[in-house]
Amino acid sequence: MKKAFITGINGQDGSYLTEHLLNSGYEVAGLVRRSSVSENQTYRINHLEDKIKTYYGDLIDKSSITNALKDFKPNLIFNLAAQSHVRLSFDMPAFTTQVNAIGALNVFDSVKEICPDARVYQASSSEMFGSSVDDDNFQRETTPMTPVSPYGCSKLYAYSIARNFRKAYGLFISNGILFNHESPRRGTNFVTAKVIKGALNIKKGYTDKLEMGNLDSYRDWGHSSDYTKAMIKLLNYENPEDIVISTGKAYSVRELCEVVFNELGLDYKDHIVINERFFRPQELSYLQGDSSKGRKMLNWEPEFTFKTLLSDMIKHFEKE
Ligand code: NAP
Ligand code: F7E
C-alpha cells in the first residue's frame, strides 16, 4: 500500500486531500501542531480519526519532521502547512517567513536525509505572481513572479528552494501553483466564507452590516475538493513539474458580494460598509490563471464553477 504524509493535514486542503487519498487506497498520516484547545483544531479531520495517524510537530522544528518521516516511511509527502493568510502576513512577516519558507526548507532537507526516493508536493501559490499579469490578462507558469506580500515572498522562497533541491540533489519535488480555492471548510476570515457568513447573519436578523476591505480586486476562485485531486495527480505524474491549477475565470470581490447577497434575497449595497482595517498595505489586484498545461498533462478539469462553489458554501453555512 502507498503511504502519504501530509503537513497541514487538519487545514482546509489537508482534510479534502486525506479523504481523496483514503478513497484511493493510500495509508495516510500527518503532522499536527500542539494547540491548547486541540478539539477545535482538528474539527475538519475528526471524522477521519480512526483511519489516519497523526504526529505532533511543527515545520519550524525540523526534528519533529525527521522523526515522523523515519517512523512513517512515506512514498508521497504533501507540504501544505503554512501561515496562509495574506493580510495577516503583513502583521507577522517574520513568523510567516519562518513557517512558509524555512519550514519548507526543513521538509525538503528532511526528505533528502531520510527518504530521498519519496515524491514531494509543495503548496505554491498564485500570490507569488504579485503584480505580474501577461498581456492576455492571465498568469501562467512562465509569468514573472513579483510578489506583493510577505506571504507571497515566503512562498516564492519555498518554490525556488524546491526547484533548487530538485536540480541539485535529484529529489522529486513538484510545485502546484494553485489559485484561490475555497469550500465549506474554508477559514471564516478569508473573503468567500466571510461574505457568506456575514450575509447569512444579516438575513437571520443578527446584524445589519458587514465590514469589508477592498471590493475592487479580482480573484480566480475554485473548489478545494477539485484542487486537491490535482495534487495527487501531480505527484503520480512521471516527472517532477511546476504547474498552475485554476478555473481560468476571474471575478471581483464586489461581484462575489453581489452574487451571495442576491442568492439570499438581499442587496449588498444596503449592508456593506468599508473599513480600512481590512485593506492590505499593498494589494494584489488581479488574478486569473491559465491552467492549460496542467489540465492537459494531468487530465484534470475542475467540476465546480464560481456559482456552484458559492452554493455549496451557502448550503453548508446555512445549517450552522
Ligand atoms: P489552511 O486551511 O490555513 O491550513 C494550513 C495548515 O497548516 C493548518 O493545518 C495549520 O495548522 C498548518 N500549520 C500552520 N502553521 C504550521 C506550522 N508552523 N507547523 C505545522 N503546521 C502548521 O490553508 P489551506 O487553504 O488548506 O492551504 C493549504 C496550503 O496551500 C497552504 O500552504 C497555503 O498557503 C497554500 N495555498 C492555499 C491556497 C488557497 O486558496 N486555499 C492557494 C494557494 C496556496 P493549525 O490548524 O494548527 O493552524
Ligand atoms: O482575499 C479582498 C482582499 O483573504 C481575497 C489564500 O488562500 O489565496 C488566498 O489569499 C481578496 C483580497 O484571499 C476583505 O483584499 C476585501 O483582494 O480571501 P482572501 P487571498 O489574499 O487572495 C491565495 C492564492 C493564497 O495562497 C492564500 O493562502 O478579497 N478582501 N475585503 C478581503 N479579504 C478578506 N480576507 N477580508 C475582507 O474583509
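Colleague: Which strands does helix 6 (residues 150-169) lie across?

Modeller: Start with the terms. Helices (H or I, at least four residues) and strands (E, at least two) are DSSP runs, numbered from the N terminus. Contact means heavy atoms within 4.5 Å. Axes are lines fitted to C-alpha atoms, for helices over the stretch in contact, and angles run from 0 to 180 degrees between N-to-C directions. Here, helix 6 lies across strand 5 (119-125), strand 6 and strand 11. It runs at about 150° to strand 6.

Colleague: What should I know about the model and its numbering?

Modeller: This is a predicted model: local features need pLDDT of at least 70, side-chain atom pairs count only at pLDDT 80 or more, and totals for chains, interfaces and linings use all residues. Residues are numbered from 1 along each chain as its sequence is written, chains are lettered from A and ligands numbered from 1 in the order written, and side-chain values use heavy atoms, without hydrogens and water.

Colleague: In what order do the seven strands of the open sheet come?

Modeller: Two strands pair if DSSP finds at least two bridges between them. The order is 3-2-1-4-5-6-11, with parallel pairing. Strand 3 (52-56) and strand 11 (242-245) are the edges, each pairing on one side only.

Colleague: How many bridges join strand 6 and strand 11?

Modeller: Four, in the parallel sense. Leucine 178 stands opposite isoleucine 245 in strand 11.

Colleague: Which polar side-chain atom lies 2.7 Å from an oxygen atom of ligand 2?

Modeller: A polar contact is a pair of N or O atoms within 3.5 Å; within protein, one must be able to donate a hydrogen and the other to accept it, and residues adjacent in sequence count only if both atoms are side-chain atoms. Here the atom belongs to tyrosine 151.
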